[in-house]
Amino acid sequence: YEDQTGSFTCKSCLVGRYQKFENQVSCDPCPRGYFQNFPAEDKCDFCPTGFIQKQQEKTQCIMCLAGQFEPNTASVDDCKECPEGYVQPLTEQSDCVKCLAGKTSTKPAQTVCSVCPAGRIEPGNGSTRACNRCDLHTYTELEGQSKCLLCPTGFKKASKGGTECELCGAGKYGAPKDIRKNTTDGSCLLCPEGKYRSGNISEPVTTCISCPAGYHQPAEGSAS
């Protein structure tokens, strides 16, 4: 361009400005959402996804930070925050990443998903809630799990959020899975009359010991 008469040369448009027509007396500023970091250009470049520019006559775009995203080109808005259940650990991104099962994100603009600790689970993807505690008589000893495991035969867990199960106590034995619905004590059932179990770890967990000849036990749930 040239803004003076009688000149022998033209002037270059400065960075952040452009002029696409010939015989002009001025340059135009790059509009919002665009930039130009070279002089003497006939156009401005649009900001790519993952970037924004809210002002005109700029030489560069503003990158979206981790925990943010921008899906559109030439954006003139603020970068968007990743919603709950999604995260973004990188800068300059066009979308966010969904938290997988065993993880959660309860706040917006997060960079990493929170891993469910041992004793807690999250079965679904994109969870926005706190991890669930394992129910009674179930457990998980590992973090980042999507489901709890049933306490094995001969074991129980009397509180929620268990990371391990406990042996059935004295006077009880481990019930098979198909009849556990008849007990509220995990897999543990009372030893029947005429039988006992001391609870010693060396004893089998799936059965009670019969009273030997010359002995009897009239009560259920006996330890001797």
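## A cysteine to begin with

Is Cys191 buried or exposed, and what is its relative accessible area? Cys191 is buried, because its relative accessible area is 0%, and buried means under 20%. The model in which this residue is examined is a predicted one.

This report first describes the protein chain as a whole.

## The chain as a whole

The protein chain contains 0 helices and 22 strands. Its C-alpha trace spans about 130 × 25 × 20 Å along the principal axes. The radius of gyration of the protein chain is 35 Å, whereas a compact globule of 224 residues would have a value near 17 Å.

Of the 224 residues, 31% count as buried. The accessible surface of the protein chain amounts to about 13,400 Å², and carbon and sulfur atoms contribute 50% of that surface. Among contacts in the protein chain with a separation of 6 or more, 40% are between residues 24 or more positions apart.

## Disulfides

A disulfide is a covalent bond between the sulfur atoms of two cysteines. A pair is counted here when the two sulfur atoms lie within 2.5 Å, and by this rule there are 11 disulfides. Three of them are described below.

Cys151 and Cys165 form one of these links, with their sulfur atoms 2.0 Å apart. The pair connects distant parts of the chain, 14 residues apart: Cys151 is in the loop between strand 16 (149-150) and strand 17 (155-156), and Cys165 is in the loop between strand 17 and strand 18 (166-167). The link of Cys151 and Cys165 is left-handed, with -80° about the S-S bond. Both Cys151 and Cys165 are buried.

## Two further links along the chain

Cys168 is joined to Cys188 by a disulfide with an S to S distance of 1.9 Å. This pair also links distant parts of the chain, 20 residues apart, with Cys168 in the loop between strand 18 and strand 19 (172-174) and Cys188 in strand 20 (residues 188-190). The torsion about the S-S bond of Cys168 and Cys188 is about -95°, and therefore the disulfide is left-handed. Cys168 counts as buried because its relative accessibility is 3%, and Cys188 likewise counts as buried at 3% relative accessibility.

Cys191, the residue of the opening question, is joined to Cys208 by a disulfide, S to S 1.9 Å. Cys191 is in the loop between strand 20 and strand 21 (195-196), while Cys208 is in the loop between strand 21 and strand 22 (209-210); the two are 17 residues apart and belong to distant parts of the chain. Because the torsion about the S-S bond of Cys191 and Cys208 is about -85°, this disulfide is left-handed. Cys208 is buried, with a relative accessible area of 8%. By contrast, Cys10 is in no disulfide, and the nearest cysteine sulfur, that of Cys13, is 9.9 Å away. Cys10 is exposed because its relative accessible area is 61%, and exposed means over 50%. Cys211 is also in no disulfide, its nearest cysteine sulfur being that of Cys191, 9.7 Å away.

In soluble globular proteins, nonpolar side chains tend to be buried together. In this model the largest nonpolar core has 5 residues in all: Tyr173, Ala175, Leu189, Cys191 and Cys208.

Apart from its neighbours within four places in sequence, Cys191 is in contact with Gly171, Lys172, Tyr173, Tyr196, Arg197, Cys208, Glu220 and Gly221.

## Two further buried residues

Ser105 lies in the loop between strand 11 (103-104) and strand 12 (114-115). Ser105 is buried because its relative accessible area is 2%. Leaving out residues up to four places away in sequence, Ser105 touches Glu84, Gly85, Tyr86, Val87, Cys99, Gln110, Ser127 and Thr128.

Gly119 is found in the loop between strand 12 and strand 13 (120-121). With 0% relative accessibility, Gly119 counts as buried. When residues up to four places away in sequence are not counted, Gly119 touches Asn132, Arg133, Cys134, Thr140, Gly161, Gly162 and Thr163. The C-alpha atoms of Gly119 and Thr59 are separated by 52 Å, and the two residues are 60 residues apart along the chain.

Note on methods:
Residues numbered from 1 in each chain as written. Predicted model: local features only at pLDDT ≥ 70, side-chain atom pairs only at ≥ 80, totals over all residues. Heavy atoms only, no water. Helix = DSSP H or I, 4+ residues; strand = E, 2+ residues; numbered from the N terminus. Buried < 20%, exposed > 50% of the residue type's maximum accessible area, 1.4 Å probe, protein only. Core = buried A, V, L, I, M, F, W, Y, C linked by side-chain atoms within 4.5 Å. Contact = heavy atoms within 4.5 Å. Rg over C-alpha atoms; globule rule 2.2 N^0.38 Å. Areas by Shrake-Rupley, 256 points an atom, 1.4 Å probe, with all protein chains shown as cover.
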